[in-house]
Protein chains: 4
Amino acid sequence: MDKFLPKSNNFSTRVKDSFARQTAMHTLGIYIDTVQAGEVTLSMPYSTALSQQHGFIHAGVITTGMDSAAGYAAFSLMADDAAVLTVEFKVNLLSPARGDRFLFKGTVIKPGRNITFTEAKAYAVNKGQEKLIATMSATMMAVVGRDEIKG
Amino acid sequence: MDKFLPKSNNFSTRVKDSFARQTAMHTLGIYIDTVQAGEVTLSMPYSTALSQQHGFIHAGVITTGMDSAAGYAAFSLMADDAAVLTVEFKVNLLSPARGDRFLFKGTVIKPGRNITFTEAKAYAVNKGQEKLIATMSATMMAVVGRDEIKG
Amino acid sequence: MDKFLPKSNNFSTRVKDSFARQTAMHTLGIYIDTVQAGEVTLSMPYSTALSQQHGFIHAGVITTGMDSAAGYAAFSLMADDAAVLTVEFKVNLLSPARGDRFLFKGTVIKPGRNITFTEAKAYAVNKGQEKLIATMSATMMAVVGRDEIKG
Amino acid sequence: MDKFLPKSNNFSTRVKDSFARQTAMHTLGIYIDTVQAGEVTLSMPYSTALSQQHGFIHAGVITTGMDSAAGYAAFSLMADDAAVLTVEFKVNLLSPARGDRFLFKGTVIKPGRNITFTEAKAYAVNKGQEKLIATMSATMMAVVGRDEIKG
């Protein structure tokens with residue numbers, strides 16, 4: 001994957017501060033593993049509180065992790081005055097979300113002034129073995145100058 | 001929208017029983033409003049525990065509601081021995097998820113033996129006014145004879 | 001569907017002039033049926049020259065018609081100095097594209113300054129009967145001030 | 001990417017024979033570059049006959065190439081009695097399709113008895129330089145025992 005230059009010197013702190021304000025992440029038990037320019041990895045332990053009818057993690061919860069990973073990957077390359085919003089995403093559910101914990105890895109494919117193309121992958125981890133269980137492609141938008149939407 | 005015939009005489013109970021086993025729904029505060037053949041509506045109050053960095057409901061949570069609504073709309077038309085799994089979905093986020101509560105309406109577009117095409121819409125409700133905030137198109141799969149996946 | 005106000009007094013002519021420059025439309029035999037503010041319908045006769053291996057029209061050709069219909073639906077609401085580009089689309093292929101001719105109906109779901117959400121539907125027509133065969137959801141972008149991209 | 005085992009000893013011939021029956025490929029000037037188990041690459045020269053209003057290749061034509069590449073990548077792993085149909089796809093248009101010629105590379109992500117997940121990438125080639133211009137994720141379905149749909 002190409003490497004991209006962040007517009008903010010402070011991008012890692014900006015990502016972590018914004019992530020800390022996503023209370024949905026706390027509720028779901030998702031936390032930050034790594035932040036690089038254009039790439040963010042999140043982590044979540046299995047919890048029966050998040051399962052669907054067969055005991056696997058609900059596809060929507062897996063999507064929530066991938067959306068945050070992809071959104072913050074985009075945000076990591078944006079200017080200091082920009083916030084990020086998700087325009088749309090497409091998710092493929094390759095395998096049931098069965099595992100001890102889950103990784104969500106978001107990556108920028110093509111950054112842009114308004115629109116940033118991103119991808120995310122979700123992995124289930126069982127006894128240290130990672131298995132790709134879902135993929136996302138997402139379009140992120142930089143938002144500047146809207147008071148209600150910051151960071 | 002065309003009306004479709006359910007294969008199970010018992011479809012409403014089957015949907016409610018399966019939904020009751022989705023602990024993620026309880027955790028997120030999502031409950032069933034209505035179950036018809038090929039159409040399921042769910043409801044969720046606003047909660048700060050489910051918000052993203054700007055205080056709106058996280059796009060992944062909105063997606064979770066739409067995925068369950070669409071999945072159970074598909075499931076409502078399936079035979080008694082079938083379970084349902086989501087193959088993929090595409091979500092468009094038209095407006096920030098700001099509201100007192102949220103409705104998720106799933107509808108079957110075209111049922112099939114293996115594959116069922118569905119749609120879902122998410123509405124934010126503010127002081128009784130409904131606003132369309134997100135749309136989903138989702139492909140659902142009927143699964144028969146896999147012991148780990150029932151209902 | 002909500003009705004939207006065009007920003008150009010001249011929107012119908014703008015759509016027709018731009019469409020006339022899409023040589024791909026001529027090559028595929030696609031022409032304009034109707035242009036309204038936020039809604040464009042295109043038409044195409046069946047041709048063996050456009051078929052896939054089973055004799056149906058190739059999914060990509062059906063997509064081409066839906067993309068143009070959705071793109072021009074978005075364009076019909078844009079200002080006089082804006083051009084339109086497709087950011088992304090999702091296509092569901094409900095039934096094989098078998099028919100005497102095909103209709104592509106594009107509709108704006110939510111217009112915006114930068115981003116316009118659209119939908120398109122493709123219908124096969126057999127002996128006067130219309131059948132929905134494919135659906136698209138597409139994100140369109142207004143482009144202003146790029147010399148290479150006009151209209 | 002993982003390597004997958006084809007179910008047919010004859011997969012390359014099966015792909016080429018089926019492709020030869022896609023008259024849309026001839027009309028658009030798309031031909032086969034390479035066929036491997038789970039990976040097919042197609043090629044297309046630029047033609048003004050396939051352009052949109054700004055002179056770039058129409059997004060629908062780029063999609064047609066990616067759909068065939070992804071479909072035949074899936075088909076290359078299927079059994080001798082199976083045909084392939086596209087269920088749905090999502091396309092991201094990263095850059096305008098400007099180039100001397102175009103490559104469409106389809107890859108299987110996860111094969112399955114009914115459903116195969118695939119990806120495709122489109123590249124524009126300018127003076128020997130390849131540039132990624134579009135990505136697709138597509139769901140393919142194996143069809144067995146339907147007389148109208150073979151190969």
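## Sheet and helices

In this predicted model, 12 strands form an open sheet with antiparallel pairing, in the order β1(A)-β2(A)-β4(A)-β5(A)-β6(A)-β3(A)-β3(B)-β6(B)-β5(B)-β4(B)-β2(B)-β1(B). Its edge strands are β1 (31–36) of chain A and β1 (31–36) of chain B, each of which pairs on one side only. On average, and with direction ignored, neighbouring strands of the sheet are turned by 25 degrees against each other.

One pairing within chain B can be followed in detail. Strand β2 (residues 39–45) of chain B is joined to strand β4 (residues 101–110) of chain B by seven bridges, in the antiparallel sense. T41(B) has K105(B) of β4(B) opposite it.

| Helix | Lies across | Angle |
|---|---|---|
| α1 (residues 11–20) of chain A | β1 and β2 (39–45) of chain A | about 160 degrees to β1(A) |
| α1 (residues 11–20) of chain B | β1 and β2 of chain B | about 160 degrees to β1(B) |

For chain C, the burial of the helix can be described by residue. Helix α1 (residues 11–20) of chain C has F11(C), R14(C), V15(C), S18(C) and F19(C) buried. These residues lie on the same side of α1(C) because they cover an arc of only 125 degrees around the axis. The cover over the buried residues of α1(C) includes α2 (23–28), β1 (31–36), β2 (39–45) and α3 (59–75) of chain C. Exposed residues T13(C) and D17(C) sit on the face of α1(C) that is turned away from its buried side.

Conventions:
Residues numbered from 1 in each chain as written. Chains lettered and ligands numbered in written order. Predicted model: local features only at pLDDT ≥ 70, side-chain atom pairs only at ≥ 80, totals over all residues. Buried ≥ 20, exposed ≤ 12 C-beta atoms within 10 Å, placed from the backbone. Helix = DSSP H or I, 4+ residues; strand = E, 2+ residues; numbered from the N terminus. Arc of directions from axis to C-beta. Contact = placed C-beta atoms within 7 Å. Pairing = 2+ DSSP bridges. Axes fitted to C-alpha atoms, helices over the stretch in contact; angles between N-to-C directions.
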